[in-house]
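This briefing concerns the pockets of a predicted model. The points below are grouped by topic.

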Amino acid sequence: NVDRRTYLNTWINFIEYLIEKNKKVLLVPHVMESNPGNNDLMIINEVIQGCSPKIKESICIASETHTACELKGIIGCCEALIGTRTHATIASLSQGLPTVSIAYSRKAYGIMRDVFGDEIGGALTIKAQEMTLESLVKAYDLSVSNPPDTEVISNLKSLSQENFKMVEGVIREKVFLKNTYR
């Protein structure tokens with residue numbers, strides 16, 4: 001439910017804004033599948049085609065051959081992430097990077113609020129259908145001045161590990177119960 005032309009132009013204008021601020025722009029394709037509607041390389045190519053030749057020279061694209069671990073490492077080398085993919089924003093947040101989340105679903109709001117609280121988390125989350133150059137710039141500036149708190153990230157990682165232990169216990173219990181009824 002996003003107007004494609006407006007969406008593309010907003011990204012193009014934001015990239016130009018960053019480059020004018022002497023920032024380097026790295027576009028990271030996080031999802032690449034055969035469905036062109038869900039392939040980040042397709043939208044990246046459209047964005048780049050809309051940029052001026054001078055701007056195109058300043059944009060880098062992470063290769064589509066990287067593994068998930070390598071992509072997380074690449075994201076970790078960045079100054080900040082403006083993410084449209086949930087796992088990219090999680091990769092960024094888990095490494096303490098300033099992060100803005102473009103929300104296509106409610107997951108983005110929950111993740112950002114877990115890390116930053118209601119006020120800042122809400123301000124760092126932009127609904128995709130309402131994304132503008134102004135909202136991107138404002139959220140980007142806010143994210144750079146409010147990186148994730150390392151203690152909060154550490155606590156969330158601990159809670160995540162506890163969830164894995166609970167799931168493992170449930171799976172073992174179910175496997176044990178199945179085996180005892182044979």
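The second largest pocket is lined by I90, L93, S94, I111, D114, V115, I153, L156, K157, S160, Q161 and F164. Its volume is about 320 Å³. The model is predicted.

**Second largest pocket**

- Helices α5, α6 and α9 (150–180) each contribute at least two residues to the lining of the second largest pocket.
- The most comes from α9, which supplies six residues of the lining of the second largest pocket.
- Seven nonpolar, three polar and two charged residues make up the lining of the second largest pocket.

**Largest pocket**

- The volume of the largest pocket is about 1,200 Å³.
- Its lining comprises 45 residues, and those nearest the centre of the largest pocket are Y7, W11, I82, G83 and T84.
- At least two lining residues of the largest pocket come from each of α1 (4–20), β1 (25–27), α2 (40–50), β3 (81–83), α5, β4 (99–103) and α6 (106–116).
- Six residues from α1 form the largest share of the lining of the largest pocket.
- The lining of the largest pocket divides by class into 27 nonpolar, 11 polar and seven charged residues.

**S92 in helix α5**

- S92 belongs to helix α5, which spans residues 86–94.
- The relative accessible area of S92 is 0%, and S92 is therefore classed as buried, the cut-off being under 20%.
- Leaving aside residues up to four places away in sequence, S92 touches I75, L81, L97, P98 and T99.

How values were computed:
Residues are numbered from 1 along each chain as its sequence is written. This is a predicted model: local features need pLDDT of at least 70, side-chain atom pairs count only at pLDDT 80 or more; totals for chains, interfaces and linings use all residues. Side-chain values use heavy atoms; hydrogens and water are left out. Helices (H or I, at least four residues) and strands (E, at least two) are DSSP runs, numbered from the N terminus. Buried means under 20% relative accessible area, exposed over 50%, partly exposed in between (1.4 Å probe, protein chains only). Contact means heavy atoms within 4.5 Å. On a 1 Å grid over the protein atoms alone, a cavity is a set of points where a 1.4 Å probe fits but cannot get out, and a pocket is an open set with protein on both sides within 12 Å along at least five of seven lines; lining residues have an atom within 4 Å of a point. Grid points are joined across faces, edges and corners, and a volume is the space filled by probe spheres set on the points. Ala, Val, Leu, Ile, Met, Phe, Trp, Tyr, Cys and Pro count as nonpolar, Asp, Glu, Lys and Arg as charged, and the others, Gly among them, as polar.
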